[in-house]
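Work through the exercises below with the model open beside you, and try each task before reading its solution.

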Amino acid sequence: MSLFKKILTLGGNETYDRAMNHYNCAEYEEAIREFDKITKFPLGGGRLYPRLALFYEGQAYRNLGLVEMHQGRFAEAVPKFEKAAQLTPENVEIHLYLGLSYNNEGRYEDA
């Protein structure tokens, strides 16, 4: 990366690249830790990297929830889907999975 780009982004895209490498290798916990560095302290990169990091962090939580859900561990899936819904509330798919998990836990009012 050029020195000029590093100064403009304050290294923001290096953290994002690390997070995406973890995400693409299905290392979701590690990806979330890297995305958190961008979303909690958005240095450099303008608004692009924090917005992308927020989306992919939500997707990582969704993916972790799906693993729990497909293994029948709905109680463990719920907090992951709740976090995903908090990060990306416009994602209807996450609300569907959250509702299914609530339902399978007998939390019909929440579902």
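The model is predicted, so local features need pLDDT of at least 70 and side-chain atom pairs count only at pLDDT 80 or more, while totals for chains, interfaces and linings use all residues. Residues are numbered from 1 along each chain as its sequence is written, and side-chain values use heavy atoms, with hydrogens and water left out.

**Exercise 1. Find how many salt bridges there are, and describe the one between Lys 40 and Asp 36.**

Begin with the rule: a salt bridge is a side-chain nitrogen of Lys or Arg within 4 Å of a carboxyl oxygen of Asp or Glu. Counted in this way, there are seven salt bridges. Next, look at the side chains of Lys 40 and Asp 36, which form a salt bridge with an N to O distance of 3.6 Å. The two residues are separated by about one helical turn, because they stand four residues apart in helix α3 (residues 28-40); helices here are DSSP runs of H or I with at least four residues, numbered from the N terminus.

**Exercise 2. State which helices are linked by the salt bridge of Arg 62 and Glu 93, and whether each residue is buried or partly exposed.**

First take the distance, which is 2.9 Å from N to O for the side chains of Arg 62 and Glu 93. This pair links distant parts of the chain, since Arg 62 lies in helix α4 (residues 48-70) and Glu 93 in helix α6 (residues 92-104), 31 residues apart. Then compare the accessibilities: Arg 62 counts as buried at 14%, whereas Glu 93 is partly exposed at 30%.

**Exercise 3. Classify the aromatic pairs Tyr 23 with Tyr 56 and Phe 81 with Tyr 97.**

Rings of Phe, Tyr and Trp (its six-membered ring) pair if their centres lie within 6.5 Å, and planes under 30 degrees apart count as stacked, over 60 as edge-to-face and the rest as tilted. The structure holds seven such aromatic pairs. For Tyr 23 and Tyr 56, the centres are 5.2 Å apart with 70° between the planes, which is edge-to-face. Tyr 23 belongs to helix α2 (residues 12-24) and Tyr 56 to helix α4, 33 residues apart. For Phe 81 and Tyr 97, the centres are 5.7 Å apart and the planes stand at 25°, so this pair is stacked. Here Phe 81 comes from helix α5 (residues 74-87) and Tyr 97 from helix α6, and both residues are buried.

**Exercise 4. Identify the residues that touch the most other members of the largest nonpolar core, and list the contacts of Tyr 16.**

A nonpolar core is a set of buried Ala, Val, Leu, Ile, Met, Phe, Trp, Tyr and Cys residues joined through side-chain atoms within 4.5 Å. The largest core has 18 residues, of which Tyr 16, Tyr 23 and Phe 35 touch the most other members. Helices α2, α3, α4 and α5 each supply at least two residues of this core. Leaving aside neighbours within four places in sequence, Tyr 16 is in contact (heavy atoms within 4.5 Å) with Phe 35, Ile 38, Tyr 49, Leu 52, Ala 53 and Tyr 56. Another core, of nine residues, lies apart from the largest one, with Leu 66, Ala 77, Phe 81 and Leu 98 among them.

Notes: Buried means under 20% relative accessible area, exposed over 50%, partly exposed in between (1.4 Å probe, protein chains only).
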